Amino acid sequence: MDLLEHQGKEILSRYGIETPRGTVVDTPESLPAVDIPLPWVLKAQVPAGGRMKAGGIRMAHSVKEARRATDEMLGSSLHGCRVDRVLVEEQVPVDWEWYLCLTIDRSLRMPRLLFSRRGGIEVEETGEMLQLPVNPLVGLQEHHLRRMEKPARPVARRLYRLFREMDCELAEINPLAVVDGRPLALDAKITVNHNALYRHPELPQHDPRLTPLEQEAQKMGLAFVQEEGEVGVIANGAGLTMATMDALQDYGARGLFLDLCGTDDARQVERALSLMHRAGPRVILLNLFGGITKCDTVARGVLSALEKGMDTPIVARIRGTNEEQARQMLADRVESHLSFQEAVHRTAALGRGS
């Protein structure tokens with residue numbers, strides 16, 4: 001889960017890391033009530049980087065100027081994300097900028113501390129990045145901190161504590177500015193492990209980049225990716241689903257991704273079909289390898305969805321536990337194939353309208 005900047009800064013403040021004064025607005029009409037001295041920095045709130053170059057960060061020296069910029073940003077799209085909120089912050093005089101980050105080094109299977117004496121845009125290209133693995137059994141140590149500028153050390157300690165306690169995959173401050181001799185986090189990028197969100201009910205539980213159908217699927221415990229495609233791919237297991245989509249592409253068709261996630265619940269299968277139907281594909285390809293998910297269970301879910309009026313054509317390739325029973329149950333209701341290649345080829349043709 002990628003948090004918005006203002007959400008990340010609220011967490012930084014809870015851990016004693018100072019941030020500029022700011023408030024969030026969702027309409028230009030809210031700006032005259034903002035109790036922060038001008039000039040302001042206006043920041044589009046989207047879970048993406050590179051906002052400065054894309055016009056998502058602007059300066060305003062008057063409320064009139066701020067209203068015009070906010071009106072242009074709200075409702076626009078920035079890096080594929082809709083801008084619904086703008087963070088209004090005080091503009092501060094910066095003496096120096098650093099880069100500070102904690103992330104997961106998956107090759108070492110431990111956190112890694114990153115620090116650069118140059119922060120801001122394109123910091124990765126400076127080639128001056130200090131990279132220090134941090135053993136999670138002992139945590140951040142003095143020998144790590146001694147290699148950093150003295151004012152940044154207490155911030156690093158607090159950021160590491162935040163990183164561990166909030167189940168982060170990334171906790172980045174860029175830039176960490178020096179303002180009148182004190183460190184100030186001018187930006188915050190925090191990514192929380194999605195599987196740990198249940199431990200943090202105070203955080204948003206849904207990624208704002210998800211479509212309404214993707215959010216609904218997430219609530220149901222289904223993995224659904226709503227892309228541009230003519231074929232709705234439903235399979236059990238992410239690997240099988242992705243392999244099916246790859247095969248469809250070889251035949252000139254595009255697929256929408258839905259993984260049943262190992263369910264053996266006919267009602268859940270019915271929900272999955274209803275969700276995919278509402279996404280609007282021309283045809284649904286059900287590619288099932290029955291194991292924990294038994295084939296006859298899926299067949300009952302398919303029949304239930306069809307009885308409730310779902311009219312999207314279904315092509316099925318069913319193999320595994322109780323496959324014969326499932327095929328008999330679905331006879332004359334769906335188009336069935338034993339061969340994976342035949343099922344994919346037929347579905348791609350239907351998806352293309354040929």
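**View 1. Lys43 and Glu89 form a salt bridge, with their closest N and O atoms 3.4 Å apart.** A salt bridge here is a side-chain nitrogen of Lys or Arg within 4 Å of a carboxyl oxygen of Asp or Glu. Lys43 sits in strand 2 and Glu89 in strand 6, so the pair ties together parts 46 residues apart in sequence. Both residues are buried (under 20% relative accessible area; exposed is over 50%, partly exposed in between, with a 1.4 Å probe and protein chains only). The two also belong to a salt-bridge network with Glu5, Lys9, Arg51 and Asp187.

A word on the model: it is predicted, with local features needing pLDDT of at least 70 and side-chain atom pairs counting only at pLDDT 80 or more, while totals for chains, interfaces and linings use all residues. Side-chain values use heavy atoms, leaving out hydrogens and water, and residues are numbered from 1 along each chain as its sequence is written.

**View 2. Asp264 and Lys294 meet through their side chains in a salt bridge of 2.5 Å, N to O.** Asp264 lies in the loop between strand 15 and helix 7, and Lys294 in the loop between strand 16 and helix 8, 30 residues apart. Asp264 is partly exposed at 32% relative accessibility, and Lys294 is partly exposed at 28%.

**View 3. Glu270 and Lys308 join their side chains in a salt bridge of 2.8 Å, N to O.** Glu270 belongs to helix 7, whereas Lys308 is in the loop between helix 8 and strand 17, 38 residues apart. Here Glu270 is buried at 8% relative accessible area, but Lys308 is exposed at 60%.

Note on methods:
Helix = DSSP H or I, 4+ residues; strand = E, 2+ residues; numbered from the N terminus.
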